[in-house]
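This briefing walks through one structure, topic by topic. Please keep the sequence and the coordinates at hand while reading.

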Amino acid sequence: GGGETWEPCTRLEGDMAIASNIAYGKIHTARFGRVEQEIAPLEFVRPLSDLCLRAAALHFRHRPTFAGVPEKYKDKLAELIQTDLPLNVSAPLIDSEVYWKRCAADLFQTCVPSDHGHSWKQLFFEKTVEEALENFDGSEQAHTALNRLLSTSSELVFKLKIRQFASHADLAFLFDALPNLYSLSITFGSRNVGMKYERSIFGMKLADAECLSQQLPRTETLTQLILNENVLDDEKVRRLVVGLRDNLTITDLDLSHNKISDRGTRALCKCLGKDSVIAHLSLCDNHMHSEGGKFLGRAVQTNTSLLKLNLRLNRLGEKGGCYMFEGLKSNGSLKQLNISGNGLADDSGQGEAVRVLAAMLRVNSTINKMDVSSNSLGTEAGVVMRDALEENKSLTSLDLRVNKVAPDVASAIRELLRRNELPRLASRAAGMSDTRAARKNSTIQER
């Protein structure tokens, strides 16, 4: 027994180890590749779930369904489905934000979901409808295609910003097709016309104003109406007012950058009576003069709905400013007023409007933000306003830029505004502290 040798067994074990190392090296190379030898890794057999998802995505156009797909795989399937599916197929079936983000990225350069309810699906359909309306030419074929799109997206469109509407078609079809529409911004006419410029193709026509006016009493969801840059004049505004007076939903009305003068302003004031629901009104950059200020001043005396009023870049002048500020003495609802660029001061930089403004600041306890910039207010006007703010406890923001208020007076005004702001900040901090304490007590009780 002592003379036996184990050398052959030892050699066999060594050969097996070498073979094992070689096999492992081949497996490692197949899986990860070998950089120094420029060997790419082999593609191993995919999991069965991946193969099934690929097959489902490939045939989704012919078999559009998520039935039988486990919940954890639905987003993965949505990542693989082609984005050119017919909308009448994809809209009711696919809710995955992953899919609609891909669709939107394929079609639109600028995508901001926060402007569309933080939803990629809503963004896609709202921008698609906007694009279709902007390119709508009024032909029967285009009308059929547009109605088909509106039918598919009827429950998915909540706000529209139409930058051009050249067809001037009756908007009744839009209100009928979109029951959830709460915000509409529309500019009639064409953009980027180049050498084909004609003055008549821009803005809203009388017929457009008439048609829109007829729809306003019917809508039950529209809360914001923006008609910027529509060449709205007094007569068109009077047509719109007929519908606005019977509307009970619009709280935000923006008629900026138009041609509304005193008669149009007088007509609009009929919408600011005791039954008014308009909270935000913008008449920025129009043709309102002192008479328009008189009508608005009378309206705000008794109005209880307006919270924000923008009259920037009009032509109220000293007299119109007096009317406005006189009316605001008895107003108890307005929070923000922008009356910049209206030439409120006289040639000396003061005038009656400044004195009425100061008197209004002494008695008004609701306005907390005001913009009187670019009104040629002089040094004495700044002093008058500073003295008035000594008695005012509500104003926390006052824009005096592009005036001639002395630096020391402007500094004193800022200190008075900061004084008014401190109690609100303290109250807000106390409220947050109470909320945290309540949450803490609630947590302790639960434990």
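Lys127 is placed over the face of Phe108, 5.5 Å from the centre of the ring. This is a predicted model, and Phe108 also belongs to an aromatic cluster whose other members are Tyr99, Trp100, Phe124 and Phe125. The chain as a whole holds 16 helices and nine strands, and of its 447 residues 42% are buried.

**Aromatic pairs**

- Counted by a ring-centre distance within 6.5 Å, the aromatic pairs number eight.
- Phe60 and Phe66 form an edge-to-face pair, because their ring centres lie 5.4 Å apart and their planes stand at 65 degrees, and both of these residues are buried.
- Tyr99 and Trp100 likewise form an edge-to-face pair, since their ring centres are 5.0 Å apart and their planes stand at 85 degrees, an angle that can be read against the edge-to-face cut-off of over 60 degrees.
- Tyr99 counts as buried because its relative accessibility is 1%, and Trp100 counts as buried because its relative accessibility is 0%.

- The nine strands make up an open sheet with parallel pairing, and their order is 1-2-3-4-5-6-7-8-9.
- Strand 1, residues 159-165, and strand 9, residues 397-399, are the edge strands, each of them pairing on one side only.
- When direction is ignored, neighbouring strands of this sheet are turned against each other by 5 degrees on average.
- Between strand 1 and strand 2, the latter covering residues 183-188, the parallel pairing runs over five bridges, and Leu160 has Leu184 in strand 2 as its bridge partner.

**The nonpolar core**

- The largest nonpolar core contains 108 residues, among which Leu160, Leu174, Leu184, Met370 and Leu398 touch the most other members.
- Helix 14, which spans residues 352-363, contributes the largest share of this core, namely seven residues.
- Met370, with its neighbours within four places in sequence left aside, is in contact with Leu337, Leu357, Met360, Leu361, Leu395, Ser397, Leu398 and Asp399.
- Over the chain, 73% of the contacts between residues at least 6 apart in sequence join residues that are at least 24 apart.

- Apart from neighbours within four places in sequence, Ser256 has contacts with Leu227, Asn228, Glu229, Ser282, Cys284 and Asn286.
- Arg315 is located in the loop between strand 6 (308-310) and helix 13 (317-328), and it counts as partly exposed because its relative accessibility is 41%.
- Apart from neighbours within four places in sequence, Arg315 has contacts with Asn286, His287, Met288, His289, Ser290 and Asn342.
- Arg315 and Ser261 are separated by 54 residues in sequence, while their C-alpha atoms are 9.4 Å apart in space.

- At a relative accessibility of 31%, Asp285 counts as partly exposed, a class that lies between the limits of 20% and 50%.
- Ser376, which is also a residue other than glycine, has a positive phi near 60 degrees, and Ser376 is found in the loop between strand 8 (369-371) and helix 15 (379-389).
- Ser376 counts as partly exposed, its relative accessibility being 47%.

Definitions and conventions
Residues are numbered from 1 along each chain as its sequence is written. This is a predicted model: local features need pLDDT of at least 70, side-chain atom pairs count only at pLDDT 80 or more; totals for chains, interfaces and linings use all residues. Side-chain values use heavy atoms; hydrogens and water are left out. Rings of Phe, Tyr and Trp (its six-membered ring) pair if their centres lie within 6.5 Å; planes under 30 degrees apart count as stacked, over 60 as edge-to-face and the rest as tilted. Buried means under 20% relative accessible area, exposed over 50%, partly exposed in between (1.4 Å probe, protein chains only). A charge sits over a ring if NZ of Lys or CZ of Arg is within 6 Å of the ring centre and within 35 degrees of the ring normal. Two strands pair if DSSP finds at least two bridges between them. Helices (H or I, at least four residues) and strands (E, at least two) are DSSP runs, numbered from the N terminus. Axes are lines fitted to C-alpha atoms, for helices over the stretch in contact, and angles run from 0 to 180 degrees between N-to-C directions. A nonpolar core is a set of buried Ala, Val, Leu, Ile, Met, Phe, Trp, Tyr and Cys residues joined through side-chain atoms within 4.5 Å. Contact means heavy atoms within 4.5 Å.
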